[in-house]
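Q: Could we go through this model together, one topic at a time?

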Amino acid sequence: MAGPVRRITILGATGSIGSNTLDVIARHPECYEVVALTGSSQLDKLADACERHRPRYAAVLDESAAERLSGLLRARGVETEVLAGGDALIRVATLPEVDTVMAAIVGSAGMPATLAAACAGKRVLLANKETLVLAGQLFMDAVRASGAELLPIDSEHNAIFQSLPAAFREQPYAMSLQDAGIAKIILTASGGPFRQRDLASLAAVTPEEAVRHPNWSMGRKISVDSASMMNKGLEVIEARWLFNAPADAIEVVVHPQSVIHSMVECVDGSVLAQLGSPDMRIPIAYGLAYPLRVATGAKRLNLAEIGRLDFEAPDLQRFPCLALAYEALRAGGAATAVLNAANEVAVAAFLESRLRFTDIPRVIAETLALPCDCDAASIESLLLADAWAREQAGALVDRLPC
Ligand code: NDP
Ligand code: MG
């Protein structure tokens, strides 16, 4: 690929998206330089990545993790400087020598550093959808004010971005969907592992069953979100902000093969789609190389082998989380921040076998129904809403049987 070498920070380098990003980078060492990597609990994996990619900095969450990582790096003769704490994540997301930041921390914990990268005018490769669910308006305002280049990595939003008219891509986020000639966004959803499972048995599903996604290999939190279809709900909210689209212009269709990654319906009736193997290296490479293309190692699509593509409407009785996300989006204010925080608490409790799968939407609905004083006018206020919702949802989890 021609073009300048891109200098990259990967926030969440030890996760599923982070590892896939390093895989794409390793295929094109002449195009990319890794400047900083961050991780949280998987220090051996972070040390491996530092040994392979030799970044200038590695950042972790606290001093004790930093000491352990420094020891691992010393033993391998790696000279990466180790930084610690939330400020360190912000520092590596805003380094002057970095032009591209992959935002791949899971959950609202990823928001401060992702927002900092946007405020610093970086090319932001956005995997961390929770940033937009928590603080969509403020994040998009920061992107516009700084001139940051925002490229969606979530496969559906990446598919939509690819399907939008060139004018939208050249002036991204400056126009409304209607201005771009688009009537509707159609988000595809696989339906996850429980699409056809007997409804009565859903209460007893185990974390291991929930994280076994039929098509995608992902981190545990997003895998549970996919099983409950909250992932699609979060993606509806993500699409609202990324594409300046009202809730009514965002539709979800279940497509079990995960071959069409999403579609846009134009005002003239044309429907445009992006297709590919379910492999996150494809949208990651799109973001890294934009507006060019690079090879990813992903399996090529063989449509004759796939044979058929199926579609069905989502079953909201089976997947109440999707309806809750639409409700929170329509309610506005801090409601989506509350939805996101309650979901993170409920999913963590489910993964620790402290909550039944079917009680995840119950915890979210009951938290959303409580009066919350916070608005969406500032990051501080949204973080208060996030903390408040975590407390309320935590108390609800403790009261429910498991
Ligand atoms: P993983 O759980 O695999 O990875 C999460 C990363 O975040 C890890 O590097 C982890 O470190 C780090 N991390 C965890 N908690 C914290 C914290 N409190 N502060 C700082 N860093 C932390 O998640 P995924 O890679 O699957 O997902 C990452 C993001 O991308 C999510 O927002 C998800 O919704 C989104 N996404 C993921 C897709 C996928 O295919 N995986 C597809 C589309 C979107 P460590 O592992 O060292 O503890
Ligand atoms: Mg997705």
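This is a predicted model: local features need pLDDT of at least 70, side-chain atom pairs count only at pLDDT 80 or more; totals for chains, interfaces and linings use all residues.

A: Residues are numbered from 1 along each chain as its sequence is written, chains are lettered from A and ligands numbered from 1 in the order in which they are written, and side-chain values use heavy atoms, with hydrogens and water left out.

Q: Which residues coordinate the magnesium ion (ligand 2)?
A: Asp154 (OD), Glu156 (OE) and Glu235 (OE) coordinate the ion, at 2.1 to 2.2 Å. Donors here are N, O and S atoms within 2.8 Å of the metal (3.2 Å for Na, K and Ca), and sites may look incomplete because water is not among the atoms.

Q: What spacing do the donors follow along the chain?
A: The spacing is D-x1-E-x78-E. Helices (H or I, at least four residues) and strands (E, at least two) are DSSP runs, numbered from the N terminus.

Q: Asp154: buried or exposed, and why?
A: Asp154 has 7% relative accessibility and therefore counts as buried. The classes are buried under 20% relative accessible area, exposed over 50% and partly exposed in between (1.4 Å probe, protein chains only). Glu235 is buried as well.

Q: And what does the side chain of Asp154 make a polar contact with?
A: Its partner is the side chain of Lys129, at 2.9 Å. Such a contact is a pair of N or O atoms within 3.5 Å; within protein, one must be able to donate a hydrogen and the other to accept it, and residues adjacent in sequence count only if both atoms are side-chain atoms.

Q: Changing topic: what is the strand order in the open sheet of 4 strands?
A: The order is β9-β8-β10-β11, and the pairing is mixed. β9 (250-254) and β11 (271-275) are the edge strands, each with a single partner, so one side of each has no neighbour in the sheet. Strands pair if DSSP finds at least two bridges between them.

Q: How do the individual pairs run?
A: β8 (residues 182-189) is parallel to β9 over 5 bridges. β8 and β10 run antiparallel and are joined by 4 bridges, and β10 and β11 are antiparallel with 5 bridges. Ile186 stands opposite Glu251 in β9 and has Met263 as its bridge partner in β10.

Q: What about the turn between β10 and β11?
A: The two strands form a hairpin with 4 residues between them, and Gly269 in the turn has a positive phi of about 100°. As for β10, 6 of its 7 residues are buried.

Q: Why is helix α10 described as largely enclosed?
A: Helix α10 (residues 220-228) is largely enclosed by the rest of the structure because 7 of its 9 residues are buried. Among them are Lys221, Val224 and Asp225. Met229 follows α10 and has a positive phi, near 65°.

Q: Finally, which domains does the assignment give?
A: The protein chain is assigned domain 1 (6-152), domain 2 (155-277 + 298-319) and domain 3 (332-402); the bounds come from an automatic or database domain assignment. The C-alpha centres of domain 1 and domain 2 lie 26 Å apart. Their contact (heavy atoms within 4.5 Å) takes 13 residues from domain 1 and 17 residues from domain 2.
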